[in-house]
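Subject: Structure for your review

Dear colleague,

Please find the structure below, together with its sequence.

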Amino acid sequence: MTIQQSIIYHVDTHQLECQGIWDVHHLPALNNTLSSLSLPTSGQLTITGNAITKMDSAGAWLIGKWQQKLEKRGVTVTLQAFPDRQKTLMSIVDQTVKNEKPIQSLDIPPFLERV
């Protein structure tokens, strides 16, 4: 299964079907494929995950990132048919991202900067 086959957008039903492996190794290609799709800018979109065979935290993060991106555009996103273990992982990743604090800048002495 190619990356393009891992993401199928059904324009008529406004459904984004995720399949195959969603992990850190496939992250750049999955993100590029999602970026190339003509996803809606309003209305509703359903993202289905029952055909995902493997997902790690990077895959969960990517789905969450696109969900947020679409919702900022005004699209109502519904996640549907994700197995319980994937829902749990997506929830953990989502909470981690929400609770993330920005890195504080450090005052580095000039002599260390030169090193």
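Predicted model: local features only at pLDDT ≥ 70, side-chain atom pairs only at ≥ 80, totals over all residues.

Residues are numbered from 1 along each chain as its sequence is written, and side-chain values use heavy atoms, with hydrogens and water left out.

Overall fold

The protein has 5 helices and 4 strands; helices (H or I, at least four residues) and strands (E, at least two) are DSSP runs, numbered from the N terminus. Read from the N terminus, the order of the elements is α-β-β-α-β-α-β-α-α. Of the 115 residues in the protein, 33% are buried, where buried means under 20% relative accessible area, exposed over 50%, and partly exposed in between (1.4 Å probe, protein chains only). Among contacts (heavy atoms within 4.5 Å) between residues at least 6 apart in sequence, 76% join residues at least 24 apart.

Strand pairing

Two strands are said to pair if DSSP finds at least two bridges between them. β1 and β2 pair in the antiparallel sense, over 4 bridges, and Y9 stands opposite L16 in β2. These two strands form a hairpin with 4 residues between them. β2 and β3, by contrast, run parallel and are joined by 7 bridges; here Q15 stands opposite T46 in β3.

Q15 lies in strand β2 and is partly exposed, with a relative accessible area of 24%. Leaving aside neighbours within four places in sequence, Q15 is in contact with I8, Y9, H10, L45, T46 and T48. The C-alpha atoms of Q15 and T48 are separated by 7.3 Å, although the two residues are 33 apart along the chain.

T48 itself lies in strand β3 (residues 43-55). With a relative accessible area of 3%, T48 is buried. Not counting residues up to four places away in sequence, T48 touches Q15, L16, E17, C18, Q80 and F82.

Nonpolar core

A nonpolar core is a set of buried Ala, Val, Leu, Ile, Met, Phe, Trp, Tyr and Cys residues joined through side-chain atoms within 4.5 Å. The largest one holds 24 residues, of which L16, W22 and M55 touch the most other members. The elements that give two or more residues to this core are β1 (7-10), β2 (15-22), α2 (27-36), β3, α3 (57-73), β4 (75-80) and α4 (84-98). The largest share, 6 residues, comes from α3. Neighbours within four places in sequence aside, L16 is in contact with I7, I8, Y9, L34, L37, L39, L45, T46, I47 and T48.

Two residues with positive phi

Most residues other than glycine have a negative phi. H14, in the loop between β1 and β2, has a positive phi of about 55 degrees although it is not a glycine. At 34% relative accessibility, H14 counts as partly exposed.

A81 also has a positive phi, near 65 degrees, and is a residue other than glycine. A81 lies in the loop between β4 and α4 and, at 40% relative accessibility, counts as partly exposed. Not counting residues up to four places away in sequence, A81 touches G49 and N50. The C-alpha atoms of A81 and I47, 34 residues apart along the chain, are separated by 8.5 Å.

Largest pocket

On a 1 Å grid over the protein atoms alone, a pocket is an open set of points where a 1.4 Å probe fits, with protein on both sides within 12 Å along at least five of seven lines; lining residues have an atom within 4 Å of a point. Grid points are joined across faces, edges and corners, and a volume is the space filled by probe spheres set on the points.

About 230 Å³ of space lies in the largest pocket. Of the 14 residues that line this pocket, G64, K65, Q67, Q68 and D94 are the closest to its centre. α3 and α4 each supply at least two residues of the lining, and α3 gives the most, with 8 residues. The lining divides into 7 nonpolar, 4 polar and 3 charged residues; Ala, Val, Leu, Ile, Met, Phe, Trp, Tyr, Cys and Pro count as nonpolar, Asp, Glu, Lys and Arg as charged, and the others, Gly among them, as polar.

With kind regards
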